[in-house]
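This briefing covers strand pairing and aromatic contacts. Please look over the sequence and structure before reading on.

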Amino acid sequence: MKNITFKLMLPLLLAMLNGCSSNDDFIAQDKNIPVAKKEISKTQTYTIRYGLISQNGTKTLSGSYDVGSFVATNTITGESFETYAGGGFQTLPQYYEGIPEGTYTFTAMQGQGGWVGYGSVTGIVSYDQVDGDGYITIYIPIIWEE
């Protein structure tokens, strides 16, 4: 029985391997996504600089905070980029290089202490958003803290 199953599966496996031009072709694509992930990755990329906004509205790009990671998720493809640094405290600013153009939801995950809760913001990553320092600066709101 195993021999028959193998003989039936072998041509299918060979056809699948021969039809793929790169590892990108192995990525399962959602039929509802209008732009292939492979095409998004070939666009211009940017460096994100992360900061925080306190509950009273003060923006900061310095200090050490209970952040597990900062996350940018493309709203079309669902592809995520995160600054994971071992799950503990992170100093600001944090950077992520190589994010392709597009619309993203930006957030931060709780660190190991669980002392702070973060909200999210949605923004566009494009050349027009690059600041005088050469970054796209994103401020994540702190929504609660102990």
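Strand 8 (residues 102-110) and strand 10 are antiparallel partners joined over six bridges. The model is predicted: local features need pLDDT of at least 70, side-chain atom pairs count only at pLDDT 80 or more, and totals for chains, interfaces and linings use all residues. Residues are numbered from 1 along each chain as its sequence is written, and side-chain values use heavy atoms, with hydrogens and water left out.

**Sheet**

- Strands are DSSP runs (E, at least two residues) numbered from the N terminus, and two of them pair if DSSP finds at least two bridges between them.
- Thr103 has Ile124, in strand 10, as its bridge partner.
- An open sheet of four strands runs in the order 5-4-8-10, and the pairing is antiparallel.
- Strand 5 (80-82) and strand 10 (120-125) are at the edges with a single partner strand each, so one side of each has no neighbour in the sheet.

**Aromatic rings**

- There are six aromatic pairs in the structure; rings of Phe, Tyr and Trp (its six-membered ring) pair if their centres lie within 6.5 Å, and planes under 30 degrees apart count as stacked, over 60 as edge-to-face and the rest as tilted.
- The ring centres of Tyr95 and Tyr135 are 5.0 Å apart and the planes are at 45°, so this pair is tilted.
- Tyr95 lies in strand 7 (residues 94-100) and Tyr135 in the loop between strand 10 and strand 11 (136-145), so the pair ties together parts 40 residues apart in sequence.
- One aromatic cluster is formed by Tyr50, Phe70, Phe81, Tyr96, Tyr104 and Phe106.
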